[in-house]
Amino acid sequence: QNVVSAGTITLADALIGSDVVEVGLHYESTVRTMEPAIQGQVIDGLPRSWDSLFVRFHRTLGGTINGEPIQYPPATLDPQGLYTGIRKVSSQTVDEDGRVTLVQNQPYPWTVLGLFGTLTVGDMD
């Protein structure tokens, strides 16, 4: 994070000829899913747990799901260091509404194409 003053950005390190600098405004993107529903069933008020949860990304890097950083193995990244594909997310929470929160608070591209998995509804004992 740097401050622009009178149209000038002061960087901590000196640049060399091959360096590339991208400048933009910092912002945080947050997605909170709707409550999962099952057609023809009433599941309101029942606890819900994602036994398995997967996210489909396109040319993405960074981000968290339910506060957990998304891990992208280096071998799966394209030449620009971005990931396209499906990542399994672990250690999901059990709550009354089954919502999932996705956050991108880093200055990287982030495109979420889908979220899917196996949902357990009812007593978790």
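Is Glu35 buried, partly exposed or exposed? Select Glu35: at 36% relative accessibility, it counts as partly exposed (buried is under 20% relative accessible area, exposed over 50%, partly exposed in between, with a 1.4 Å probe and protein chains only). Before moving on, a word on the ground rules: this is a predicted model, where local features need pLDDT of at least 70, side-chain atom pairs count only at pLDDT 80 or more, and totals for chains, interfaces and linings use all residues. Residues are numbered from 1 along each chain as its sequence is written, and side-chain values use heavy atoms, with hydrogens and water left out.

Glu35 and Arg99 form a salt bridge, with the closest N and O atoms 3.9 Å apart (the rule: a side-chain nitrogen of Lys or Arg within 4 Å of a carboxyl oxygen of Asp or Glu). Glu35 sits in the loop between β3 and β4 (48–60) and Arg99 in the loop between β8 and β9, so this pair ties together parts 64 residues apart in sequence. Strands here are DSSP runs of E, at least two residues, numbered from the N terminus. Arg99 is partly exposed too, at 28%.

Next, pick Asp97 and Arg32, whose side chains meet in a salt bridge at 3.2 Å, N to O. Asp97 is in the loop between β8 (94–95) and β9 (101–104) and Arg32 in strand β3, so parts 65 residues apart in sequence are tied together. Asp97 is buried at 17%, while Arg32 is partly exposed at 46%.

Then go to Arg59 and Asp78, a salt bridge with its closest N and O atoms 2.7 Å apart. Arg59 belongs to strand β4 and Asp78 to the loop between β6 (68–69) and β7 (83–89), so the pair links parts 19 residues apart in sequence. To see a network, select Arg32, Glu35, Asp44, Arg48, Asp97 and Arg99 together: salt bridges that share partners join them into one. The count of salt bridges comes to 6.

Last stop: Val21, in the loop between β2 (8–9) and β3 (29–32). Val21 is partly exposed, with a relative accessible area of 41%.

Terms used. Helix = DSSP H or I, 4+ residues; strand = E, 2+ residues; numbered from the N terminus.
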